[in-house]
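Please open the structure in the viewer and follow the stops below in order.

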Amino acid sequence: MIVDMEELSSATGINDTELLKSFVGDFFKICSKDLERIDICIQNGDSQAVVHHSHNIYGAAYRLRLEEIRQAAATLGKAAANMETEKYSKLYDELQTVFNAGSEEYKKIA
């Protein structure tokens with residue numbers, strides 16, 4: 001996912017790697033709250049909120065070129081938009097797995 005900051009810098013067009021490190025760190029800090037909220041929304045049966053929080057993660061991951069997270073968030077958001085509630089748990093687990101893996105990778109290179 002995150003190979004190194006120079007490669008991520010090239011992909012995002014953000015040339016200041018220290019600033020990019022800050023952006024990525026903020027992404028994981030802020031979007032972890034969305035990830036927590038998705039779980040609560042799934043438990044409460046609130047599909048619109050699942051769409052909303054998935055989209056927040058998707059958008060930020062898209063800008064930072066965190067592709068695995070972006071794809072997982074998009075897939076969950078699409079399932080929620082289509083009210084495919086039987087898919088939520090599996091898709092949430094996938095999003096959580098790639099998000100946590102990305103966070104751990106970031107900690108190693110930051």
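Select lysine 21 and glutamate 18 to begin: their side chains meet in a salt bridge, with 3.3 Å from N to O. A salt bridge here is a side-chain nitrogen of Lys or Arg within 4 Å of a carboxyl oxygen of Asp or Glu. This is a predicted model, in which local features need pLDDT of at least 70 and side-chain atom pairs count only at pLDDT 80 or more, while totals for chains, interfaces and linings use all residues. Residues are numbered from 1 along each chain as its sequence is written, and side-chain values use heavy atoms, leaving out hydrogens and water.

Both lysine 21 and glutamate 18 lie in helix α2 (residues 17-44), 3 residues apart, about one turn of the helix. Helices are DSSP runs (H or I, at least four residues), numbered from the N terminus. Glutamate 18 counts as exposed at 51% relative accessibility (buried is under 20% relative accessible area, exposed over 50%, partly exposed in between, with a 1.4 Å probe and protein chains only).

Next, select arginine 70 and glutamate 67, whose closest N and O atoms are 2.8 Å apart in a salt bridge. Both residues lie in helix α4. Arginine 70 is buried at 16% relative accessibility, whereas glutamate 67 is partly exposed at 33%.

Then select glutamate 84 and lysine 87, a salt bridge with its closest N and O atoms 3.5 Å apart. Glutamate 84 is partly exposed, at 24% relative accessibility, and lysine 87 is partly exposed, at 37%. The structure holds 5 salt bridges.

Conventions
Helices (H or I, at least four residues) and strands (E, at least two) are DSSP runs, numbered from the N terminus.
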